Amino acid sequence: MHRHTIAHRHCSVFTPSPKASRVVKKIICLSALASALLSIVTLTGCGKTSPSIKIGLNTELTGEMPAVGASSKNAADLFVSQINAAGGVKVGDQTLPLQLSLGDNGAKADQAAAVTQRLISQEGVVAMIGPNASACAIPASVIAESLKCPMISPWSTNPKTTIDAATGKPKTEVFRACFTDVFEAQVLAKFVLNNLHAKTAAILYDVSSEAPNGQANLFKKTFEENGGKIVGFETYTTGDRDFSAQLTKIKAANPQVLFLPAYYNDVPLITQQARRLGITAQFVGSDAWSTPELIKLGGADVEGAYFCNHYSNQIATPEATKFMADYQAKYGQAPDDVAALTYDAFGLLTEALKTAGKLDRQSIRDALSKISQFNGVTGTMKFQPPSGDPIKSAVMLQIKDGKFVWVANAQP
Amino acid sequence: MLSYLAQQSINALQLGSIYALIALGYSMVYGVLTMINFAHGDLFMLGAFACMILATLLPVHLPFVIILLLVMVLVGLLGTAIERFAYRPLRGGPRVSAIITALGCGLLIESLTLVKFPYAQSMPPLFNNTIHPFLGLTISTLQILIIGVAITLMIALDFLIRKTAYGIAMRAISFDARIVPLMGVPVNRVISMTFFIGAGLGGAAGMLYGMAYPVIAPLMGVLVGWKAFVAAVIGGIGSIRGAVLGGFILGAVEVMTVVFLPSTYRDLISYSLLLLILIFKPFGILGSPPNQKV
Amino acid sequence: MSALQNFFARATLWRWPLPILIAAGFAFSGFAPSLLNGYTQFILITLGINVILCASLNLVNGYMGEFSVGHAGFMSLGAYTAAIFTTRWSSGDPNIFFPAVVLGGTVAAIIALPLAILSFKTRGDYLAIITLAFLMIVKSAFENLQYVGGPLGVLGIKPLTTLPWVFFWVVVTIWVIRNLVYSKFGRAIIAIREDEISANAMGVRTREAKIIAFGVSAFFSGIAGALFAHQVQFINPSAFDIVKSTEILVMVYLGGISSLGGSILGAILFTLLSSGLEPFGYWRMVILSSILVGLMLFRPRGLMGQREFPWLLPKGELSHRQKKR
């Protein structure tokens with residue numbers, strides 16, 4: 001470091017008196033110590049509570065997609081309060097209340113891993129719901145698998161969450177409440193070809209994030225298999241704000257459809273820059289678009305875009321209608337698909353708890369894999385062992401007048 | 001191809017102007033205190049948020065220039081306050097403590113903003129942005145505005161540094177800080193002024209960046225702050241002209257890399273270039289080696 | 001002073017408990033799986049890794065007086081090397097763990113050599129920039145290397161990091177760095193911090209000292225990275241970015257520069273606060289950064305300053321300091 005600083009002036013404007021400085025030093029040391037002690041207390045956990053069924057919720061409360069985490073938590077709270085108001089869940093010959101153990105993964109992979117460890121090993125949850133983002137769900141699932149604790153991800157669509165990377169076989173402990181990217185790619189490709197009558201498409205995706213990367217590659221494969229042509233396949237990295245280079249290349253290829261499998265915080269920037277450059281292609285998105293924040297941030301540029309989703313609040317099944325009314329009453333806003341899927345994940349777990357008859361992770365896991373019909377908010381689903389992926393249908397939505405509007409159903 | 005490159009050059013100019021404005025803040029503070037103000041990137045972020053708050057919460061619709069000036073003044077005052085309470089007490093001590101305190105202040109600003117705005121916010125458009133076709137290229141009013149405002153501010157700063165008493169005092173302090181108080185210069189006031197202007201420029205850059213990419217989030221200053229710091233060093237830290245040069249070079253490299261390669265190579269190329277420049281010109285392009293007395 | 005205070009003052013100078021404590025530590029960590037739950041073990045392993053990182057950065061930033069922000073790069077080199085070694089180049093059984101970790105550290109140390117050579121001519125803030133550039137280049141290189149998974153990283157790493165291994169490496173790190181600092185090379189490193197030109201003029205071999213400092217520091221950062229990879233079972237380039245480097249920096253300056261005891265303390269404090277304050281959501285960072293700013297304002301040199309625990313000092317150094325008093 002350079003020596004010639006203003007380093008030899010000893011008269012600083014803010015020199016506290018020696019006694020005051022000792023006192024302040026003591027205060028700082030004590031507060032640091034107190035925080036450390038507080039941390040130790042929270043880390044080791046304390047106190048015993050009355051018997052209940054502990055379920056872990058590993059979700060993105062802070063970080064890049066807090067709206068996703070908030071939806072998940074809201075749905076979880078709603079479900080738990082409803083069940084407990086009705087007395088609890090009948091497991092064997094006991095009726096026990098549910099208890100939620102919350103963990104924040106900050107939308108980061110290593111934090112998700114730490115939270116999974118904490119929930120399973122320290123909190124001793126019988127099962128874990130979440131994470132939602134595939135980048136978090138995949139590492140969490142590896143840990144859940146090795147610790148032999150059942151895990152249901154409400155929203156992660158990437159196939160790797162339930163497939164063991166080393167063996168290629170499905171994991172035993174990991175399930176999900178939503179369909180996978182493989183199915184979604186087929187739905188989207190068929191929609192673009194048959195409903196939109198578009199033969200050429202371009203894709204702009206985040207190569208450094210699991211979900212968009214997987215979806216882009218699957219869509220390309222499925223679209224080309226069904227007779228379409230991908231004329232542009234551009235990438236960006238998480239955190240990029242400027243896409244003009246990639247969009248200019250796409251504009252030159254003149255696609256009819258621009259597929260953007262991005263999370264809700266990237267979509268507004270991309271669509272705005274695309275329109276400004278004069279791209280007139282039809283925007284098509286993935287299920288990651290489903291957060292209402294997207295309309296708030298995207299405004300007029302996302303108007304008219306289509307995307308694939310897990311449920312629509314315009315499809316009036318009895319379960320869905322009741323859920324939407326309850327959610328609206330409690331939180332003052334309509335639930336999005338993350339909320340609906342979390343609610344269904346809890347529903348699946350409760351079904352399994354009742355069938356299993358005991359609070360044992362292995363029995364719960366076996367009961368989950370055998371669920372043959374579950375009427376959830378997001379439709380009917382069933383599991384076919386050994387796969388942890390449910391068989392269920394999808395919907396196509398369009399953004400019209402600043403709202404999500406139902407367009408079509410898609411069966412598996 | 002030529003028109004494509006020209007189009008991207010306009011993008012490079014836009015990004016470069018913003019980097020240059022932020023880099024100026026770093027260089028000014030470094031020149032006067034030989035201290036790297038790591039909270040500067042977060043002041044940039046606050047500029048964007050201040051603009052958003054002013055544009056949405058005020059009942060009156062203010063014109064662009066007024067909001068710009070308000071943002072600059074507000075962020076400038078915050079910068080001065082940080083200097084007064086967090087950096088000045090450490091002036092006599094080891095340099096590293098001041099740097100770490102700056103880091104801590106930056107983290108504090110980020111976390112407080114996160115508490116208030118956990119979700120990303122949308123920056124409302126301040127005026128009607130029209131696209132002008134020009135010689136086969138498309139330029140928007142926004143781009144012209146950003147480049148224009150940045151250049152105006154830089155020229156104003158240059159005038160300030162070279163022609164006003166405060167500017168001369170700032171430069172004097174950067175030459176030899178020990179003699180300057182003996183000449184009757186109110187060093188503390190000049191340093192506060194430096195921070196005010198530096199932070200103000202950073203806040204202006206934040207506002208312009210927020211207008212160009214209208215989704216703002218509390219952590220947007222982290223990466224941009226480090227990049228602008230790199231730009232300041234490429235140009236020669238402590239040198240005002242160097243900061244401007246470095247900003248435009250970095251903007252050009254970042255935009256042009258994505259033209260030819262996938263965007264994942266962008267950081268690789270930018271930082272390798274930086275390394276190369278530093279190997280051949282260890283003190284930056286326009287910087288000079290410090291006089292080290294043994 | 002009363003007899004009791006006298007006793008305590010002399011007790012702090014006892015050195016014979018040290019080997020007993022280390023043995024007890026090993027025994028405890030061996031029995032840990034049956035005593036502690038998985039999460040507490042997880043935190044303790046993180047603690048150990050942070051101590052290693054802190055001590056290694058302290059060598060360059062504290063004792064040599066530089067400002068390196070690139071140590072997350074060394075960590076990632078060690079992590080990736082060890083991960084690829086255990087997942088692709090070998091069977092992945094526990095016997096392979098020690099060579100894998102050492103390999104990780106060695107690769108990091110080798111790549112630190114060009115950085116050390118660059119530091120011959122460049123000092124101070126410009127060297128800080130060079131370390132930043134190094135970090136970004138390493139991160140970007142891994143993002144573009146499809147062989148290591150590109151931006152998506154390496155999945156399915158076996159959980160080979162156990163508490164005994166971490167404790168072992170912590171002891172080795174502290175022991176090696178302590179002996180280095182109080183040796184001839186350590187004196188050279190401190191001389192570089194104080195006044196490099198004078199040191200050169202006095203015949204101190206500064207170039208070798210720099211190579212050794214960077215090499216050893218990178219080696220142990222790489223070790224920490226390898227241990228980290230086998231703890232979280234999943235690594236990607238963004239786990240080793242500027243934020244991680246900043247965290248290590250904060251730990252070092254919190255605990256006290258050029259003080260190994262300070263490194264241990266800083267790492268412990270930071271790890272406990274970081275994980276314990278998790279329930280507070282966004283307020284966690286507010287509390288952490290406030291503590292940092294407050295500490296810097298009132299103890300600019302960190303908690304321990306530049307002092308050292310007496311039981312960490314070698315015998316000769318201890319008696320030397322006692323004589324000075």
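First a term: the domain bounds I use come from an automatic or database domain assignment. I'm working with a predicted model, where local features need pLDDT of at least 70, side-chain atom pairs count only at pLDDT 80 or more, and totals for chains, interfaces and linings use all residues. Residues are numbered from 1 along each chain as its sequence is written, while chains are lettered from A and ligands numbered from 1 in the order in which they are written.

**Entry 1: the two domains**

I found chain A divided into domain 1 (53-179 + 314-392) and domain 2 (182-309). Their C-alpha centres lie 28 Å apart.

How many residues does each domain bring to the contact? I counted 14 from domain 1 of chain A and 16 from domain 2 of chain A; a contact here means that the C-beta atoms of two residues, placed from the backbone, lie within 7 Å.

Next I checked the domain 1 side of chain A that touches domain 2. Helix 2 (66-85) and helix 4 (134-146) of chain A are the elements giving two or more residues to that side. Helix 4 of chain A gives the most, with three residues. (Helices are DSSP runs of H or I, at least four residues; strands are runs of E, at least two; both are numbered from the N terminus.)

**Entry 2: a sheet**

I then looked at an open, antiparallel sheet of three strands in chain A, in the order 13-14-15. Two strands pair if DSSP finds at least two bridges between them. Strand 13 (374-376) and strand 15 (390-391) of chain A are at the edges with a single partner strand each, so one side of each has no neighbour in the sheet. Strand 13 of chain A is joined to strand 14 (residues 379-383) of chain A by three bridges. I also noted Phe374(A) opposite Met381(A) in strand 14 of chain A.
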